[in-house]
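Here is a friendly note to go with the structure below.

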Amino acid sequence: MITSNAMCRGEPGKRELPRSILLSLSLTLSLIAPFASAQIESFSAVSDEMLNSPASGEWLSWRGTPAAWGYSPLDQINTENVGQLQLKWSFALDDTGAIQAAPLIHDGIMFIPSARGVIQALDAVTGDLLWEYRPAPPTEEFINSGAGTRAAVLPAGAFAGVGRGVQKNIALYGEMIYASTETASIRAIDARSGLLVWETQVADPTLGYFYTAGPIIANGTLVTGITGCDRYKDDVCFITGHDPATGEEKWRTSTVARPEDPGGDTWGDLPLRFRAGSDAWVAGSYDPQANLIYWGTAQAKPWARAVRGTDGDALYTNSTLALNPDNGEMAWYFQHIPGETQDMDEVFENILVDIDGRKSLFKMGKLGILWQLDRETGQFIKGTDIGYQNIVNLDPITGQITYRDGMIPRIGEELNMCPSTSGVKSWRAMAYSPDTSAMYIPITLNCELATFGPTERQLGGGGAGPVRRVNYHHPQSDGNLGEILALDIPSGEVKWRYRSRAPFNTAALTTAGGLVFAGDWNRTMSALDANNGELLWQVRLATSNQGFPISYSVNGKQYIAMPVGTGGASWSGSLPRELAPELSRPRNGSSINVFALPD
Amino acid sequence: MGNCMARLKLVAALSAAVCALGVSYAQGGTVWDGVYSSEQAERGEAVYKGACIACHGQDLGGNSNSPGLVGMGFMFLWEGRTLGAFFEKIREEMPTDRPGQLPAQDYVDVVAYIMQANSFPVGDNELPYDAEILDGIAIAPKS
């Protein structure tokens, strides 16, 4: 068993913590033990080799492998028999916050993050709970310090149902589960016992910092990207690398060019404190051969150029960064939308695929442009505009973006833009299938009349900036809010589209069985034929499908797991309410649902 | 126009009739006339801490998902509309995870707290739970 000594083995963290945070941490520690239920004996330590090329039945990284395909090489469940899928087990997840879970599978155990730091280990065959890590609620003192509120910690009285505290993914390495928290710390939890081994405060939550993306492991370094960088402060957004044994910070790379740095002039003459945004709120990918991690950054804040006070490119916002995981040095960057100006994020997943021997990286942001970059050099190879946006033109040769006439917002002037700030694509990761050489992309269809407004340019001010908005149906949508789009790679040609009234609300999962799985806001989980988009199987679950479906096998049997839950993105409540008002869903019911063929 | 359309979507409590007549109820009052009391704002602060703070923040400044409820952002979004429209937005849609489900009085109290946070002057009377009166109070810059 883990002793209390082992629990204290971690470094206390590099920075001085506000007293209130220390208090809440020590309370956390003291409350853990009673919740840990069992010691897992059958767990083997996870090595770099296992992470980089996992056994076919395992799911060791949030998108399956460090290349983030979202693809399972299992084919027991296939286009012929998928119609026979049946529920094997379901397990209720924490309903006190938002769920966008990406479960992991190792040695027949499912490790699943749910709201507000809760992590559970389940028997992946039976759904039995093996252990549970549940941090203590924040103390009254912590809340009154102001830390929790900007960091989205909830006052004790408001626990039930409030949609915050997302932790999308966790990482598995050695004998540890790694998580990043809504209070800007990272945690190592013993994978066998569920006990906290160390917790390191990475940033000060009173400044607004928090995490929604979990860490990844790259060449023995634990890497995480922070978010909550929208308010003006004397600091900028960053990605950090840590020693997995202790949590000690090895490096910190700013995702914003500081005034004195190369590229510093791309923010005009704005001082550091007015360079906000570039949040790194989606976990990156890793190429072990190149020893580079690929991490996306979000737009600059405030969203509109006119509000943030510079027409400059604002490096390194809305970029893909290639970093050396050993020291955080930037090998290259590619800025997808220089000087982005209406909340069109490019922060999302990086899918690493080799095309005709060319090591490539594929990515799609809110505008619905599929980017192909050379992942060794960062060079632009190809861009495919899927045709749902009316904001920019893309030069197909250089990859340069230019704004269409009148599409750069001015304060107080209404703009008619597609997509809305929900984006054509968001965190709902696309999946790649090597069998069909295609990307399967969860799409949200809608447009918006948007009027951008000013913010206070002072410390603590800033933020995204106010927007008056009226959402409306996309003219090409036939009233549908959701689509799975299959794009051939690298041609970018449309293979098929599958539409639904409700927006798709999960990542896509592809399998060697020729299937694509995804779920929608209206509780429906679907299996489509990857070749032609034919609907092969559907089931309705407790509430909105939300998160990252996975596939795994134990003892030769293949399973498909779908997380459902609510909370998180702002529009996931308002868009369906405004544009598909006949749909409704329960506000609770967060769960993980596991399917397989009959025994 | 936007106000009226938004309101037409609403059900029951604040009925379409009020909307149609809204203009004629307007009494020329504004948020600068001392329209809430400090006790009410205090009650509203407790409501805010329990039901709103997690998304809109301790300083009411909001974040990338939830709009700020104070300062330039508030005036940009609400100037030229009425306290009635503001109240209805909150009563109908907030908190987003369980809209409309606080006691009616809590909703007016939290509006009072937001008024105070925006430095609109305090007065002797409470903001009432009364659509006609709320509709008669304009959100306007200081004249």
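1. Let us begin with Arg410(A) and Glu413(A), whose side chains form a salt bridge with an N to O distance of 3.7 Å. The term stands for a side-chain nitrogen of Lys or Arg within 4 Å of a carboxyl oxygen of Asp or Glu. Arg410(A) is exposed at a relative accessible area of 56%, and Glu413(A) is partly exposed at 43%. Here buried means under 20% relative accessible area, exposed over 50%, and partly exposed in between (1.4 Å probe, protein chains only).

2. A word on the model: it is predicted, so local features need pLDDT of at least 70 and side-chain atom pairs count only at pLDDT 80 or more, while totals for chains, interfaces and linings use all residues. Residues are numbered from 1 along each chain as its sequence is written, chains are lettered from A and ligands numbered from 1 in the order in which they are written, and side-chain values use heavy atoms, leaving out hydrogens and water.

3. Next, please look at Glu199(A) and Arg187(A), which pair in a salt bridge at 3.0 Å, N to O. Glu199(A) sits in strand S10 (residues 196-201) and Arg187(A) in strand S9 (residues 185-190), 12 residues apart. Strands (E, at least two residues) are DSSP runs, numbered from the N terminus. Glu199(A) is buried at 10% relative accessible area, and Arg187(A) is buried at 7%.

4. Arg497(A) and Glu483(A) make another salt bridge, with their closest N and O atoms 3.3 Å apart. Arg497(A) is partly exposed at 39% relative accessibility, whereas Glu483(A) is buried at 0%.

5. Finally, over all chains the count is 27 salt bridges.

Key: Helix = DSSP H or I, 4+ residues; strand = E, 2+ residues; numbered from the N terminus.
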